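Subject: Structure handover

Hi,

Please find the structure below. My notes on it follow.

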Amino acid sequence: MASLDLQAVHDEMVAVAYEAGRMILAANPADLDTGTKLNSVDIVTEADRAVEKMISTRLSTSFPSVSFMGEETYQPGMRLGPEPTFVVDPIDGTTNFVHGFPNACVSLGLAVSRAPAVGVIYNPWQDVLFTAIKGKGAHMTRIKGSAPRKLPLAKSPRPLHGLATCLVAVEWGSGRDGPNFELKTDVFRKLAASRETGGSMVHSLRSLGSAALNMAAVAAGQMDAYWEGGCWAWDVCAGWCLLEEAGGVMVSGNPGDWHPELESRVYLAVRGAPEGQRELVEEFWGVVGDRKMDYSI
């Protein structure tokens, strides 16, 4: 990491994110060639591919020694190595994109030694930019050119007092059957159900439709936690950097693992707080129980 200027990487990634945003806004989803990968809800468009090509070309030109892993060029069996690697999702929230729902983003991460080192997330519809550099904090810029705000947004974040006081992000994902889906739906029910019926009765559940934006919201302190299974490194690398730089913690979504790998595919993100993080993780793991989500690469 010492030989790579993380600030220079960050600055170029921000410029690339804004260019990607212009491309995304210029695309008309109704006119795009849309296909599927896993099933009818695992969607890819020609815009995803075009944006990733632009990103890879610009980043590879600026930093030719840095490897590249992108969602649309990923091949089965590819794994992150210890060398610096750009980890990119050109449009995170493609389902929102094709429906014209303005909640999708470009997610640009840099991993070094298989750990997040730089993160940039940009939602062009809302003109909201999230950025982070390892060891230098995380920030949010609401409108291009305005002053960035340090994350979390609250000057004095509230302590965490258990799931009953939390706003929790979840996603249905593209796998809609099998044991992973059954576990997800059971946990969703337990989180939302009243305490009289054995539930946690969280304040509510939210699904932004984008893993990166869910994680950015937790880093900002706008949501308290995000539980997920089935994501890939490009979905979480940038957001993970934001989260840690904002004082949050990332653990496994499966109970017992306090130090998950970037490619573990099962995650629980908890916002920064002066107290209560560990207790919230353990309470959440208690809701999950002894079952585990299993997503093999």
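Start with a helix pair: α4 and α7 are oblique to each other. Oblique is what remains once angles under 35 degrees (roughly parallel), over 145 (roughly antiparallel) and 65 to 115 (roughly perpendicular) are taken out. The axes of α4 (residues 178–192) and α7 (residues 277–288) come within 9 Å and cross at roughly 125 degrees. Axes are lines fitted to C-alpha atoms, for helices over the stretch in contact, and angles run from 0 to 180 degrees between N-to-C directions. Helices (H or I, at least four residues) and strands (E, at least two) are DSSP runs, numbered from the N terminus.

On the α4 side, the contact uses L183, V187, K190 and L191; on the α7 side, F284, V287 and V288. Contact means heavy atoms within 4.5 Å. By class, this contact has 6 nonpolar residues, 1 charged and no polar. Nonpolar covers Ala, Val, Leu, Ile, Met, Phe, Trp, Tyr, Cys and Pro; charged covers Asp, Glu, Lys and Arg; the others, Gly among them, count as polar.

Before going further, the ground rules. This is a predicted model, in which local features need pLDDT of at least 70 and side-chain atom pairs count only at pLDDT 80 or more, while totals for chains, interfaces and linings use all residues. Residues are numbered from 1 along each chain as its sequence is written, and side-chain values use heavy atoms, with hydrogens and water left out.

Sheet and its helices

There is an open sheet of 5 strands with mixed pairing, in the order β11-β10-β12-β14-β13. Two strands pair if DSSP finds at least two bridges between them. The edge strands, each pairing on one side only, are β11 (204–206) and β13 (249–251). From one strand to the next, the twist averages 20 degrees.

V251 stands opposite L268 in β14. Helix α6 (residues 233–245) packs on the sheet and touches β13 and β14. The direction of α6 makes about 30 degrees with that of β14. Helix α5 (residues 211–220) lies across β10 (167–169), β12 (225–229), β13 and β14. Against β12, α5 runs at about 155 degrees.

How many residues of β4 are buried? The count is 8 of 8, over residues 85–92. Buried means under 20% relative accessible area, exposed over 50%, and partly exposed in between (1.4 Å probe, protein chains only).

β4 pairs with β3 (residues 67–70) in the parallel sense, over 4 bridges. There, S67 stands opposite T85 in β4. With β5 (residues 105–112), β4 runs antiparallel, joined by 6 bridges. In that pairing, D89 stands opposite S107 in β5.

Backbone points to check by eye

S113 and R114 both sit in the loop between β5 and β6 (115–123). Phi of S113 is near 55 degrees, a positive value in a residue other than glycine. Phi of R114 is also positive, near 65 degrees, and R114 is not glycine either. S113 is exposed, with a relative accessible area of 53%. R114 is partly exposed, at 45%.

The peptide bond from L151 to P152 is cis, with omega near 0 degrees. P152 is in the loop between β9 (149–150) and β10.

Cysteines

How many disulfides does the structure hold? The number is 0. A disulfide here is a pair of cysteine sulfur atoms within 2.5 Å. For C231, the closest cysteine sulfur is in C105, 11 Å away, so it is too far for a bond. C237 is in no disulfide; the nearest cysteine sulfur, that of C241, is 7.4 Å away. C231 is buried, with a relative accessible area of 7%. C237 counts as buried too, at 0%.

One more residue

T141 lies in strand β8 (residues 138–141). Buried or exposed? T141 counts as buried, at 10% relative accessibility. Leaving out residues up to four places away in sequence, T141 touches D127, V128, L129, S146 and P148.

Best wishes
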